Amino acid sequence: AVYEVTNSVNNNPQLTDQYVNISNAPPPPDGDQKGTNYKLDMGDNRGMDGFYLNGTIHYVFHCSGPGNYGSVSYSRLKKNGANWAVANNQIISVPNKDIGFPSVGSFGWTNNDQSALIYFNYSSTTDYPGMKAIYASDNFQLSNPIEVKTGLGYSNLLDNGLARWGDYSAVTRVHNAAKPTVWVFGMYGAANHTWVNHFAKLTTAGWPTATEELETAENTANNVTIYPNPVVEDIYSISLNLPENGNLVINLMDINGRYVKTIYKENAVKGDNLFSFNKGALPAGNYFVNIVQNEKLISNEKISVIR
């Protein structure tokens, strides 16, 4: 069911509703866990998460999929005349694993890019409950799953004989990031057989089509600070925490992503680092500070130069 507010508050808005037919997606089975016969409660297959972007609705819920394993139904709806209709639909599954409690967020490079990041929980007879994600491109191509958090133990917190699971997950876009970035929230099994909440930051340096092209926050620089920003004095500084030792290259790129100059190219050490630079004759305008370590893009920060 799609409910739509047709206009702004001051423009006589109407609330309309419409039912949209989708492919068959029966409720999922209860999930298996490694190391125990306790089942994970998958519940029913109600709609769980979605977002709207430039004429397209993205939404996800879990269901039964290939081999009667828990799976994720992912759909995109678009207007067909005055009515909403399914433009794309995919049952996402991971072989021999139960997955469920999905959420979905925008993961595109532009306002018209319908790429998305889908997060979900997973478990199986050979896995403790953990967290994974999948990238869906603008043209609806899916990546391999990326491991977000590996479970450490099964859950024995029972309710009517089943271990409660999910309730719920979340994905939210970081709107001021220089490249597609989201935060995800979920849960994983702890070694003491309880649940642990977990937040993770996921980003990409390009168009991810395989697991190795998606990175978790643990693999990127964090706490990057450029000051002063805007750069109004001759000297500006970059403070960052590096995830490892290795060759560090810092380039300045223009607002269209074209190379301007290299401002640093030396070895750097893991942990906190502070670098200072002279803006010299750099023309006024907006730039990106492109930070690469060991040939991997780890941050892309926007700065403004004022004369």
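1. Of the 307 residues of the protein, 47% count as buried. The coordinates are those of a predicted model, and every remark that follows should be read with that in mind. The exposed surface comes to about 15500 Å², of which carbon and sulfur atoms supply 46%.

2. In its secondary structure the protein has 0 helices and 24 strands, and its C-alpha trace spans about 65 × 55 × 30 Å along the principal axes. Among contacts with a separation of 6 or more, 54% are accounted for by residues 24 or more positions apart.

3. Which residues have the most contacts inside the largest nonpolar core? They are Ile238, Ile250 and Ile291, within a core of 22 residues. Two or more residues are given to this core by each of β18, β19, β20, β21, β22 (271-278), β23 (285-293) and β24 (296-305), and the largest share, 4 residues, comes from β19. Apart from this core lies another, of 17 residues, which includes Val20, Ala25, Phe61 and Trp84. As general background, nonpolar side chains in soluble globular proteins tend to be buried together.

4. Ile250 deserves a separate look. Leaving aside residues up to four places away in sequence, Ile250 touches Ile238, Lys261, Thr262, Ile263, Tyr264, Phe275, Phe277, Val289, Asn290 and Ile291, a list that includes Ile238 and Ile291, named above with Ile250 for their contacts inside the core.

5. The strands β20 (residues 246-254) and β21 (residues 259-268) pair in the antiparallel sense, over 8 bridges. Within this pairing, Leu252 stands opposite Lys261 in β21. The hairpin that the two strands form has 4 residues between them, and in this hairpin Gly257 takes a positive phi near 85 degrees.

6. The loop between β18 (222-227) and β19 (235-242) holds Pro228, and Pro230 has its place in the loop between β18 and β19 too. The bond joining Tyr227 and Pro228 is a cis peptide bond with omega of about -10 degrees, and the peptide bond from Asn229 to Pro230 is also cis, with omega near 15 degrees.

7. Is Phe140 buried or exposed? Its relative accessibility is 11%, so Phe140 counts as buried, given that the cut-off is under 20%. A search of the whole structure finds 7 aromatic pairs. One of them joins Phe140 with Tyr74: the ring centres are 5.1 Å apart and the planes lie at 10 degrees, so the pair is stacked. This pair links distant parts of the chain, with Tyr74 in strand β6 and Phe140 in the loop between β10 and β11, 66 residues apart. Both Tyr74 and Phe140 are buried.

8. Another pair found in the search is that of Tyr59 and Phe61, which is counted as stacked because the ring centres are 6.1 Å apart and the planes lie at 15 degrees. Tyr59 and Phe61 are both buried, and Phe61 is one of the residues of the core of 17 residues.

9. Two lysines are placed over tyrosine rings. The charged end of Lys132 sits over the ring of Tyr122, at 4.5 Å from its centre, while Lys149 lies over the face of Tyr188, 5.1 Å from the ring centre.

10. Finally, Leu15 lies in strand β2 (residues 15-18). Why does Leu15 count as exposed? Its relative accessibility is 62%, and the cut-off for that label is over 50%, so Leu15 counts as exposed. Residues up to four places away in sequence not being counted, Leu15 touches Tyr3, Glu4 and Val5. The C-alpha atoms of Leu15 and Cys63 are separated by 29 Å, the two residues being 48 residues apart along the chain.

Notes:
Residues are numbered from 1 along each chain as its sequence is written. This is a predicted model: local features need pLDDT of at least 70, side-chain atom pairs count only at pLDDT 80 or more; totals for chains, interfaces and linings use all residues. Side-chain values use heavy atoms; hydrogens and water are left out. Two strands pair if DSSP finds at least two bridges between them. Buried means under 20% relative accessible area, exposed over 50%, partly exposed in between (1.4 Å probe, protein chains only). Contact means heavy atoms within 4.5 Å. A nonpolar core is a set of buried Ala, Val, Leu, Ile, Met, Phe, Trp, Tyr and Cys residues joined through side-chain atoms within 4.5 Å. Rings of Phe, Tyr and Trp (its six-membered ring) pair if their centres lie within 6.5 Å; planes under 30 degrees apart count as stacked, over 60 as edge-to-face and the rest as tilted. A charge sits over a ring if NZ of Lys or CZ of Arg is within 6 Å of the ring centre and within 35 degrees of the ring normal. Accessible areas come from the Shrake-Rupley method with a 1.4 Å probe; for residues, only the protein chains shown count as cover.
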